[in-house]
Amino acid sequence: MHWADEIAQKLVEKHPDLDCFTCASGISPSGPVHMGNLREVITTFFVAKALRDLGKKVRFIYSWDDYDRLRKVPNGVDESFSKYIGMPYTSIPDPFGCHKSYAEHFEAPFLDALKELGIEVEFLYQTQHYTAGDYADNIIEAIQKRKEIYDIQYSFKTQEANEDDREHYYPINIYCEKCGKDTTTVTSQNEDATVLEYSCKCGHQGKIDLHKNHNCKLPWKVDWPMRWRAEGVVFEPGGRDHSSEGGSYQVSSVIARKIFGIEPPTYQMYDFVRLKGQTTKISSSKGTEMLPEIMLKVYSPEIILWLYTRFLPEKSFDLALDSDVLRVYHEFDRMYEKYRNGSADEIEKRIMELSLAGRPADFEPVSASLIASFAPIVNFDIELLVEVMNKCGENVTVERVKDRFERIKYWMEHYCPEQIVHLLPDKNVEYYNSLSDEQKSWVRELENAMQKEMSIEEMQTLLYDIPKINGQPDKARQKLFFETVYNLLIGQEKGPRLYLFLTAVDRKQILKLLDF
């Protein structure tokens, strides 16, 4: 059974009488939302789909924690924005001047990426919920039980609790009404803990009535279980950093039970997603992010969904932008073909069903390797590419090729320019003169044979016949012959599959370069 189906099955068994299963995910828009963050929403998306496939009603929510404070200025944002540290993301201007706020700037591209991936989700914006007073009663409850919360948090720490700290502990971050920052300290409360007085580092002395004033927020480990109760969450994944011993989930689970009187949701840890060749997790603050909007320029939506669904959430995996991109496309196509012809096993079948959620039933992918081989030769002219591919027996149209063509073109130009090969503009005379007499004879034999049109099969036979010795194949001679032809045509020792290349590319251009 696929991992998403296993989680869904356990949820149904745990909540047999539940009318609607709320599955949650979320992120703070502190900077670019990267492919590591995407794993949270995709994990939830697969579980939600598995529940729906069981006939269950599902509420799939994604919280933008945009009422969180700016902790530090991320890579790519001007250091002058350090003046906004301590303010909520929705109160900070867009660093690049194109959106209403800092939060919206980093939310917008991720929203577009989810739409392209076919992931439909209900978005919750925490600034709206907090400032509307939706959580006021919960906040008051947390303040009234503040010492119990302190004890819970200290039960996970190695150092001993301090009675004075416990007496003055308040699980709340108040945004100062004068400077807008949370650099505040609660100095006193009224009898029922509904009115708090505070002082701010800016010098302001203020008061907040929790029933009426909503310029405040619970800290993360209290906020998380509070929202589990407010939203009725039964499933939510979390990253490895939240899943460690004494980490956010463990602490929040105790707070959920002892403070808010609920059972924590079923939890699934997910591990890091890395870029191939890097040893650290993707991190927007360190500038090592790989953004979904960039990855979607390289990989089609079903490929990205396939990459995430084929790995168990608790297993890390790498994303490639080097030559492995073509291998990824090939592996997907191979599994997809098994799915179409009925030879896929249960897990492979389910992986493809989850990956193809946004594709039509008659989806027919085109070989990415063929596109990469021939698109540069025709100077990325898609109509000529289709003509060349049809000569190779592919039977494609511009509409069928376009989706992968645009992605492979972007990938080659931005990440693998060394794979872009072109026919030489003129004969490689210097190289030809360096050849042995036998190599020159091979070139003449090939050039003579190509005076007439040849089928793919005829070309393949010819290329393996020419370097034979005494009618017998020889691997070393075969390799040398191919290198010779590639050097004369594209100036490199390797290139596209030669028999397809020579059959598909304009014969007059080939003969011009082989005529010595």
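Me: Which strand does Lys217 lie in?
Reply: Lys217 lies in strand S8, residues 216-217. Strands here are DSSP E runs of at least two residues, helices are H or I runs of at least four, and both are numbered from the N terminus. This is a predicted model, where local features need pLDDT of at least 70, side-chain atom pairs count only at pLDDT 80 or more, and totals for chains, interfaces and linings use all residues. Residues are numbered from 1 along each chain as its sequence is written, and side-chain values use heavy atoms, with hydrogens and water left out.

Me: Is Lys217 buried or exposed?
Reply: Lys217 is buried, at 7% relative accessible area. Buried means under 20%, exposed over 50%, and partly exposed in between, with a 1.4 Å probe and protein chains only.

Me: What does the side chain of Lys217 make a polar contact with?
Reply: With the side chain of Asp68, at 3.1 Å. A polar contact is a pair of N or O atoms within 3.5 Å; within protein, one must be able to donate a hydrogen and the other to accept it, and residues adjacent in sequence count only if both atoms are side-chain atoms.

Me: And which residues is Lys217 in contact with, leaving aside neighbours within four places in sequence?
Reply: Tyr67, Asp68, Tyr130, Ile172, Asn173 and Asp223. Contact means heavy atoms within 4.5 Å.

Me: Switching to S9. How many of its residues are buried?
Reply: Seven of the seven, residues 233-239, so strand S9 is largely enclosed by the rest of the structure.

Me: Which strands does S9 pair with?
Reply: S9 pairs in the parallel sense with S1 (residues 20-27) over two bridges, and with S10 (residues 266-270), also parallel, over five bridges. Pairing takes at least two DSSP bridges between the strands. Thr22 stands opposite Val233, and Pro237 stands opposite Gln268.

Me: What is the order of the open sheet with three strands?
Reply: S5-S6-S7, with antiparallel pairing. S5 (184-189) and S7 (205-209) stand at the edges with a single partner strand each, so one side of each is left without a neighbour in the sheet.

Me: Which residue in S7 is the bridge partner of Val195?
Reply: Asp209. S6 (residues 195-200) and S7 pair over five bridges.

Me: Last one, helices. Which residues of H6 meet H10?
Reply: Glu148, Ile149, Ile152 and Gln153 in H6 meet Val251, Val254, Ile255 and Lys258 in H10.
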